[in-house]
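Biologist: I would like to learn how to read strands, confidence values and a nonpolar core in a model. Could we go through them one by one?

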Amino acid sequence: MTRIIFPLLVAFAALFSGASQAQSGVRLADNAPDSYTVVRGDTLWDISGRFLQQPWRWPEVWRLNRDQIRNPHLIYPGQVILLDRSGPWLSIGRPIGSGTQDGRLQPRIYTEQLDAALPSIPLQIIEPFLNRPLVIDGPRLEGSATIIATETSRVLTGSGDTIFAKDVGAEAEVWHVYRPARPLEDPVTGETIAWEAAYLGAARVTERGEPTTLEIVSAVEEIGVGDLMMPSERPSVFAFVPHAPEQQVDGRIVAIHRGVSETGRLNVVALNVGERDGIERGHVLSLFRNRGVAEYAGEGGKERFQLPEKRYGVVFVFRVFERVSYALVMESDGQVTIADAVRQP
């Protein structure tokens with residue numbers, strides 16, 4: 001399937017008429033090029049980082065409105081990104097034919113394969129998190145289907161085996177199998193805000209009924225009676241443009257993928273803020289480290305000082321639940337640890 005793509009040079013001219021104004025506070029990257037040709041394997045973040053010191057400020061220099069940020073023009077290999085340093089502004093052009101005598105880039109209408117569109121951040125890292133069960137809250141737990149038996153009463157099953165489950169709704173043919181793993185506790189209040197789900201595999205309905213018969217089509221761990229299921233969600237290309245939240249955000253890291261206590265760049269973390277806090281996919285948040293308390297023994301006795309927090313990195317939110325969200329660490333000066341703060345960039 002193809003889609004006609006109108007270069008943003010034309011779209012932006014229609015959306016934003018009038019004189020351009022310089023972008024306050026937007027700083028170009030050192031040695032930012034005048035143009036860059038997109039290649040397969042690039043991400044939207046990578047491309048922005050070639051031109052800007054703060055890649056998350058891309059929407060400002062592309063002049064995207066709020067609707068476009070949530071459903072952006074997709075970028076494809078072969079397109080040429082142009083830099084107008086007077087703004088600065090970024091836009092898209094493409095050479096006409098094999099080139100022109102003066103070598104200039106001009107707008108052109110052309111077609112591209114939809115599946116070639118670039119993701120916002122490295123898809124190979126976040127793909128397992130995009131459609132699998134990650135966080136289970138009370139309503140999701142109560143609405144899950146339950147495996148009540150296995151064929152020939154086997155204790156544990158794997159790919160190709162038959163299972164039987166109750167409460168299997170008609171909304172899906174493929175179901176994810178999971179097991180509630182560890183609670184996610186707010187590092188400030190100690191409250192359990194959700195449970196992380198251990199993904200076990202997937203099963204396909206073969207015969208409807210009560211119970212419903214399913215075949216296990218994939219298994220990363222052994223599946224048994226009592227394990228839970230929820231409908232499989234369709235995976236999608238993650239192409240949300242990075243942008244800052246409009247409202248105040250004051251959150252914490254509650255968990256790090258694989259249960260470790262520290263991590264770094266291009267690793268996944270869970271945050272204690274979600275939909276009810278106004279968090280949405282594409283939000284960029286800054287990381288702050290608590291430097292602790294210092295004691296000073298002076299002539300007047302001991303004094304305690306709360307040291308200021310240090311801003312040391314940036315995360316990109318890619319999946320959101322009611323009270324929890326998942327983000328990829330895009331920049332980090334040092335180790336990322338549980339209970340570190342996240343706020344507006």
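Modeller: Let us begin with strand pairing: strands of a sheet pair through backbone hydrogen bonds, either parallel or antiparallel. In this predicted model, β10 pairs with strand β14 (residues 228–231) in the antiparallel sense, over four bridges, and His176 stands opposite Met230 in β14. Strands (E, at least two residues) and helices (H or I, at least four) are DSSP runs numbered from the N terminus, and two strands count as paired if DSSP finds at least two bridges between them.

Biologist: Which strand do 10 bridges join to β10?

Modeller: That strand is β11, which runs antiparallel to β10 (residues 174–185), with Tyr178 standing opposite Tyr199 in β11. The hairpin of β10 and β11 has six residues between the strands, and Gly190 in this hairpin takes a positive phi near 80°.

Biologist: Before we go on, how are residues numbered, and what is counted?

Modeller: Residues are numbered from 1 along each chain as its sequence is written, and side-chain values use heavy atoms, with hydrogens and water left out. Because this is a predicted model, local features need pLDDT of at least 70 and side-chain atom pairs count only at pLDDT 80 or more, whereas totals for chains, interfaces and linings use all residues.

Biologist: What does pLDDT average over the protein chain?

Modeller: The predictor's confidence in each residue, pLDDT, runs from 0 to 100; where it is low, the predicted coordinates should not be read in detail. Here the protein chain averages 80, and 81% of the residues score at least 70, but pLDDT stays under 50 over residues 1–22 and also over residues 107–115.

Biologist: How many strands form the closed barrel?

Modeller: Six strands form it, in the order β15-β17-β22-β21-β18-β24, with antiparallel pairing.

Biologist: Which residues touch the most other members of the largest nonpolar core?

Modeller: In soluble globular proteins, nonpolar side chains tend to be buried together. A nonpolar core is a set of buried (under 20% relative accessible area, 1.4 Å probe, protein chains only) Ala, Val, Leu, Ile, Met, Phe, Trp, Tyr and Cys residues joined through side-chain atoms within 4.5 Å. Here the largest core has 24 residues, of which Trp45, Ile121, Val135, Phe318, Val324 and Tyr326 touch the most other members. Leaving aside neighbours within four places in sequence, Val324 has contacts that include Val135, Leu184 and Ile193.

Terms used
Contact means heavy atoms within 4.5 Å. Buried means under 20% relative accessible area, exposed over 50%, partly exposed in between (1.4 Å probe, protein chains only).
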